[in-house]
Amino acid sequence: LKVREALGPDFPLIANGNVITFDDVESNMRFTKSDGVMSAEGILDNPALYLPRHGEDGNKVIQIKVPTPLNESVEVKLELDGNQKKIRKLTKKLREIEAIEAKAASGEDLSKDQTSKLATKKDVTASISILAAEDEQGKPETDKVSGPKTAKIALKDLQLAAEDATILANEYIDLTIKYPTKMRTVIFHTRRILKSELNKYQLMEECVASKTIEDLRELVTKVSKYLKDPSLFHFDKAKAQKEKDAMERKKREEGKRKAYEARMMRKAKREGKADLEFYLRQGAQLPTVEEVQDLKKRPKDEQMSLWKSQDHSQHCMAFHMDECKRDRTCAFLHADARGVNAFAESDEVAG
């Protein structure tokens, strides 16, 4: 409110932060008196977050913008007619004259050509004014600008899609075919849209392991079938236990990581290093699946030196090679090797 009061009612104000539902949008705007509200986390889980702004009347027809593929040229500019071309040329000439004036003002000598150009300033300025006035008089009531295409759609169709996460996921996948991006990004967003369904039907691991768009599409189809007929899904106890063990291990590793970071920062402080994170960057690189596979093929006497040279010394090599006998007592990190579609949640949210 203080920001709105300081800026006044005419200054555009956009609010952001902790917007998960449309109720949050409305309460945020009431409280901040902002003109609009942005969402990051909320819209990742629900791309239809802002749909309720159109009301509840399903028979209402609304107009939406139709995305245009990036490889199609979209021109959002007016065609230049004869006068505009002339004005552009004269404006360029006027800038040259002004540059000569600045040169003369600094005491530099001018050539005959430059002096004659200076003498034309009055005529050039007058010509620009006349052409601009002619353009204004002959200007049509509305300028035709080629911009994004639009389409009309019944609100009830959008409401139906908003209630079914599989429809939203398929719409997103369709857009990634039209606007290609990295597979890991497609997986991340599909996973967020279908998060509760993927967890419910034990498909999260399969989603993250997807190699192609077709794999993801099949996964969405599978979720859709389970939603329509729950009897098709059979709970896998062994898989559930494996996921539970992985989650517990992740929590342990996070605790070990925090303790390690505190230890290394204390060491850097004791040694008087200006950069307290100096030791945290040594050997922090998580190995890839390919690196681990290559390492397993090499003689044991080569493995450790290669492990350190690849900047993995914070990570337990035994854990990746076979099995670490120290398990929970191991001082090194036990984190799964990076696959081609591995990602850090915070990195993907930040884009």
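**Figure 1. Contribution of α8 to the lining of the second largest pocket.** In this predicted model, α8 gives the most to the lining of the second largest pocket, supplying seven residues. The helix α8 spans residues 165-178. Other elements that each provide at least two lining residues include α3 (41-45), β3 (61-66), α7 (155-162) and α9 (183-193).

**Figure 2. Centre and composition of the second largest pocket.** The space in this pocket amounts to about 930 Å³. The lining comprises 32 residues, of which P47, I64, L158, E171 and L175 are the closest to the pocket centre. Sorted by class, the lining of the second largest pocket consists of 20 nonpolar, six polar and six charged residues.

**Figure 3. Cysteines C316, C324 and C330.** The count of disulfides comes to zero. C324 takes part in no disulfide, and the nearest cysteine sulfur, that of C316, is 3.7 Å away. For C330, the closest cysteine sulfur is that of C324, at 3.9 Å, which is too far for a bond. The cut-off for a disulfide is a sulfur pair within 2.5 Å. Two of the cysteines shown are also described by accessibility: C324 counts as buried at 7% relative accessibility, and C330 counts as buried at 3%.

**Figure 4. The edge-to-face pair of F278 and Y279.** F278 and Y279 form an aromatic pair with 5.0 Å from centre to centre and 80° between the planes, an edge-to-face arrangement. The two partners fall into separate accessibility classes: F278 is partly exposed, with a relative accessible area of 32%, whereas Y279 counts as buried at 16% relative accessibility. The limit that applies here is 20%, under which a residue is called buried.

**Figure 5. Lysine charges over the rings of F278 and Y279.** The charged end of K273 sits over the ring of F278, at 4.5 Å from the ring centre. Over the ring of Y279 sits the charged end of K267, 4.4 Å from the centre of that ring.

**Figure 6. The aromatic cluster of Y201, Y226 and F233.** Y201, Y226 and F233 together form one aromatic cluster.

Technical notes: Residues are numbered from 1 along each chain as its sequence is written. This is a predicted model: local features need pLDDT of at least 70, side-chain atom pairs count only at pLDDT 80 or more; totals for chains, interfaces and linings use all residues. Side-chain values use heavy atoms; hydrogens and water are left out. On a 1 Å grid over the protein atoms alone, a cavity is a set of points where a 1.4 Å probe fits but cannot get out, and a pocket is an open set with protein on both sides within 12 Å along at least five of seven lines; lining residues have an atom within 4 Å of a point. Grid points are joined across faces, edges and corners, and a volume is the space filled by probe spheres set on the points. Helices (H or I, at least four residues) and strands (E, at least two) are DSSP runs, numbered from the N terminus. Ala, Val, Leu, Ile, Met, Phe, Trp, Tyr, Cys and Pro count as nonpolar, Asp, Glu, Lys and Arg as charged, and the others, Gly among them, as polar. Buried means under 20% relative accessible area, exposed over 50%, partly exposed in between (1.4 Å probe, protein chains only). Rings of Phe, Tyr and Trp (its six-membered ring) pair if their centres lie within 6.5 Å; planes under 30 degrees apart count as stacked, over 60 as edge-to-face and the rest as tilted. A charge sits over a ring if NZ of Lys or CZ of Arg is within 6 Å of the ring centre and within 35 degrees of the ring normal.
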